[in-house]
Amino acid sequence: PSAAEFYVPPTLTVSAGSTVTWKNSDSTLHTVTSGSAESGVSATEFDSSYMAAGKTFEHTFSSAGTFDYYCTLHPFMKGQVIVN
């Protein structure tokens, strides 16, 4: 990946009912997939599938909690959404 940072911001706090939009501003395919590579649990909450450069993905967080996510193609790319 050519981006200086991966998910920006890496941690985002929103209210329940909020819709979060991710945009792939990189030139490489990526995903936004709930869970983590380490846990072996993926895509139980959301999964963008492959996102080409310039593509977006939206997810509405209806309940409170902490939601980890990562890129399945580049598991070192991680982020988190905290929903109040």
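How many bridges pair E6 and E7, and in which sense? The views below answer this and show other local features. The model is predicted; local features need pLDDT of at least 70, side-chain atom pairs count only at pLDDT 80 or more, and totals for chains, interfaces and linings use all residues. Residues are numbered from 1 along each chain as its sequence is written, and side-chain values use heavy atoms, with hydrogens and water left out.

**View 1. Strands E6 and E7 pair in the antiparallel sense.**
Helices (H or I, at least four residues) and strands (E, at least two) are DSSP runs, numbered from the N terminus. Two strands pair if DSSP finds at least two bridges between them. E6 and E7 have 6 bridges. Look for tyrosine 70: its bridge partner in E7 is lysine 78.

**View 2. Strand E3 pairs with strand E6.**
E6 covers residues 65–70. The sense is antiparallel, over 2 bridges. Here threonine 33 stands opposite tyrosine 70 in E6.

**View 3. Lysine 78 and glutamate 38 form a salt bridge.**
Side chains of opposite charge can pair when their charged atoms come close. A salt bridge is a side-chain nitrogen of Lys or Arg within 4 Å of a carboxyl oxygen of Asp or Glu. In this pair, the N to O distance is 2.9 Å. Lysine 78 lies in strand E7 (residues 78–83) and glutamate 38 in the loop between strand E3 (33–36) and strand E4 (41–47), so the contact ties together parts that are 40 residues apart in sequence. A search of the whole structure finds 1 salt bridge. Buried means under 20% relative accessible area, exposed over 50%, and partly exposed in between (1.4 Å probe, protein chains only). Lysine 78 is partly exposed at 44%. Glutamate 38 is exposed at 56%.

**View 4. Valine 8 and proline 9 are joined by a cis peptide bond.**
Omega is about -5 degrees. Proline 9 sits in the segment before strand E1 (11–14). Most residues other than glycine have a negative phi, and most peptide bonds are trans.

**View 5. Alanine 43 has a positive phi.**
The angle is about 60 degrees, although alanine 43 is not a glycine. Alanine 43 belongs to strand E4. Its relative accessible area is 36%, so alanine 43 counts as partly exposed.

**View 6. Serine 49 also has a positive phi without being a glycine.**
Here phi is about 65 degrees. Serine 49 is found in the loop between E4 and strand E5 (56–61). Serine 49 is partly exposed, at 44% relative accessibility.
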